[in-house]
Amino acid sequence: LEQQHQIAEAVAHARRALDLAPGNDRAYEELASLLGTEGRAGEAVEVARDGLAISPLSPDLRYALAAALLTQGEAAESATQLQLACAIKPEWAQPRVLLGAALTSQGKLSEATEELREAIRLAPANADAHSQLAAVLAAQGRTAEAVSEYSEALRLQPGLASALNNLAWIRAASAQSEFRNGPEAVRLAERACQLTGSREAMMVGTLGAAYAEAGRFDEALASAGKARDLALAAGQQQLADKNQKLLELFKARRPYREPEQPAQ
């Protein structure tokens, strides 16, 4: 049911499984994971904690708890849970990928880089690990390395929307001209929007920046306006404000440029 995106029905069956086997850590993990997928992070945290009270050495429950905590903005506790999951099951790469995200959100970029490189060593074909590492490298001003990691992520998983979007942003808006490429930015951003039904404000805004870099300012204006409206509807005021600024630039027939930052 989950693979068919029938999450509500999957949750109902997971709850029934838990009723039938109240001491089964897999039932707790599955229910917590599904609740997180459904956007019910608070309930996911409660279910995962209940499961850990019974099976404290379950790395899957630690991971489910950490994912829900990170969604709630509890990055420090999320990182603690992920470190425990890695200690219990050192050969499992996925907790290190999420740990990279948790550490990044705390500004611990060097530690995040280390965890993500270890995740890639354990699972070289993990596209999420390459994409997350790319984001950390980009945040450190290491743009060439970031482009390489995003490209590898997309080689492994061509439909990874987040990697498509983030590489498109670099190709559209990098402060360094050698990394900009308008037509490629448009191709990447259009694909990311296609995969997400043009419902994600961030990705629609990236498409606007890509059109501007390619000199297609009428389309850039339309995309930035749509991105602003999507962000406002979702309560994402900061993103709405950013797209309003993009609109003003595009009206003046000017593309957006990221500010220069030194490599770390």
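Predicted model: local features only at pLDDT ≥ 70, side-chain atom pairs only at ≥ 80, totals over all residues.
Residues are numbered from 1 along each chain as its sequence is written. Local features need pLDDT of at least 70 and side-chain atom pairs pLDDT 80 or more, while totals for chains, interfaces and linings use all residues, and side-chain values use heavy atoms, without hydrogens or water.

| Pair | Centre to centre | Between planes | Class |
|---|---|---|---|
| Tyr-63 and Trp-92 | 5.5 Å | 45° | tilted |
| Trp-169 and Tyr-256 | 5.5 Å | 40° | tilted |

Tyr-63 belongs to helix H4 and Trp-92 to the loop between H5 and H6, so this pair ties together parts 29 residues apart in sequence. Trp-169 sits in helix H10 and Tyr-256 in the segment after H14, so here the parts are 87 residues apart in sequence. Helices are DSSP runs (H or I, at least four residues), numbered from the N terminus. Tyr-63 and Trp-92 are both buried, as are Trp-169 and Tyr-256; buried means under 20% relative accessible area, with a 1.4 Å probe and protein chains only.

Helices H11 (residues 182–195) and H12 (residues 201–213) pack at about 160°, their axes 8 Å apart. They are therefore roughly antiparallel (an angle over 145 degrees).

Leaving aside residues up to four places away in sequence, Asn-243 touches Gly-205, Ala-224, Ala-227 and Arg-228 (heavy atoms within 4.5 Å).

Terms used:
Axes fitted to C-alpha atoms, helices over the stretch in contact; angles between N-to-C directions. Helix = DSSP H or I, 4+ residues; strand = E, 2+ residues; numbered from the N terminus. Parallel < 35°, antiparallel > 145°, perpendicular 65-115°, else oblique. Phe/Tyr/Trp six-rings, centres within 6.5 Å; stacked < 30°, edge-to-face > 60°. Buried < 20%, exposed > 50% of the residue type's maximum accessible area, 1.4 Å probe, protein only.
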